[in-house]
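Let's take a walk through this structure together.

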Amino acid sequence: MTDARLWWMIAALSATAFGFKAIGFVGLGGRRLPPVVERCLALIPAALLAALVVKDTVTIGQGIVLDERIAGVAVAILATWRKLPFLVVIVAAMATTAAIRYGLAG
Amino acid sequence: MEPEVRRVVAATMAVNVAVGIFGISFGVASVAAGADVLQTCALSFFTFTGASQFSAMSVIGAGGTASAAFGGAAILAARNFVYGLAMSRMLHFKRPTVPKRLLAAHFIIDESTALASAESDDRLRRIAFWSTALGLFVCWNLGTLLGAMLGGVIDPQTWGLDVAFPAVFVVMLAAHLRTRRGQVAAVLGALIFLVLVPILPIGVPILASATAVLIGAWPDAERRAAT
């Protein structure tokens, strides 16, 4: 990825994000969408975030790769389920993966 | 300060500080994924919607194209449209000029929507909104800058930084698994992604996983029971 391409992505994403916020808040102000549409839109984070978890846990590029990331993410899931603070979840996950990596390399 | 206002401000400030720490993790992860400090800060300042920022940099870190990174992140940003609609029904400014409303729009994100909509009267809602909007914007951007500078000096693999992305997504996902529909959408999204990974270019399966939201068209159990 060249620098210029990344800058274009940032500009496009910023414009799009603002567009969504402003159309909802200012443009359509006060109107309601059909309930079916609102229900589907509300499910976007559930579907995409789950896919992103899987992506960053078991894939590298287009391949499925099972490695020490799985242990880290398992710890993150456990810590989230136990309602531990955000920082604890992230640090515990990173520490788990790093420790296993270090153990395997050492 | 009167007690009610103090309660609202205290609640929003607690969230703002937590999000600042979140911002540090974004800064670190974004730099590890290949953006420089300025680009990372630009994302937090101008895009200003965490899940999309993380998603875009996660795809770029994996070697996806700029358009694939944009696609998934843009779909995630679409939920801000729903928040905007909801807030336009709830948030009433005293003098609602267009520039003021456009400025407010930039700050319509998960946290400001959640905290403002939790209040029952107009004035407290406005206080909750602006206190989250401005406080969180400052914390998120400072956190990002700090993280981006930190990220440049540590080796991502050694410190398990590659797991920061999925760990963040796990935390964000948890809030959306409270309903049966959310759970089904999550499982479907993950499955669609897994099936398509070997077939489609990097980042595109994330886009495709969004089709899982169509299960929202299914009539829900409560409604069936009512009719």
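B:Pro3 sits in helix H1 of chain B, which covers residues 3–32. Helices here are DSSP runs of H or I with at least four residues, strands are runs of E with at least two, and both are numbered from the N terminus. Some way off is B:Leu173, 170 residues apart from B:Pro3 along the chain, with 33 Å separating their C-alpha atoms.

A quick word on what you're looking at: this is a predicted model, where local features need pLDDT of at least 70 and side-chain atom pairs count only at pLDDT 80 or more, while totals for chains, interfaces and linings use all residues. Residues are numbered from 1 along each chain as its sequence is written, and chains are lettered from A and ligands numbered from 1 in the order in which they are written.

Now zoom out to chain B, which has 12 helices and zero strands. Its radius of gyration is 19 Å, close to the 17 Å that the globule rule gives for 227 residues, so chain B is as compact as a globular protein of that length. (That radius is taken over C-alpha atoms, and the rule is 2.2 Å times the number of residues to the power 0.38.) Along its principal axes, the C-alpha trace of chain B spans about 55 × 55 × 30 Å. Buried residues account for 55% of the 227 residues in the chain.

Chain B splits into domain 1 (3–156) and domain 2 (176–227), with bounds that come from an automatic or database domain assignment. Taken over C-alpha atoms, the centres of the two domains of chain B are 24 Å apart. Where they touch, domain 1 of chain B brings 11 residues and domain 2 of chain B brings seven; two residues are in contact if their C-beta atoms, placed from the backbone, lie within 7 Å. On the domain 1 side, helix H3 (50–61) and helix H4 (66–77) of chain B each supply at least two residues, and H4(B) has the largest share, with five.

11 of its 12 residues are buried, so H4(B) is largely enclosed by the rest of the structure. Among those buried residues are B:Phe70, B:Ile75 and B:Leu76. What do the buried residues of H4(B) pack against? They meet H1 and H3 of chain A, together with H3, helix H5 (79–90) and helix H11 (204–209) of chain B.

That brings us to the meeting of the two chains, where 65 residues of chain A are in contact with 86 residues of chain B. On the chain A side, H1(A) gives the most, with 19 residues.

Most residues other than glycine have a negative phi. B:Phe48, though not a glycine, has a positive phi of about 45°, and A:Lys83, also not a glycine, has one of about 60°. B:Phe48 lies in the loop between helix H2 (37–47) and H3 of chain B, and it counts as buried because it has 23 C-beta neighbours inside 10 Å. A:Lys83 is in the loop between H4 and H5 of chain A, and is exposed, with 8 other C-beta atoms within 10 Å.

Technical notes. Buried ≥ 20, exposed ≤ 12 C-beta atoms within 10 Å, placed from the backbone.
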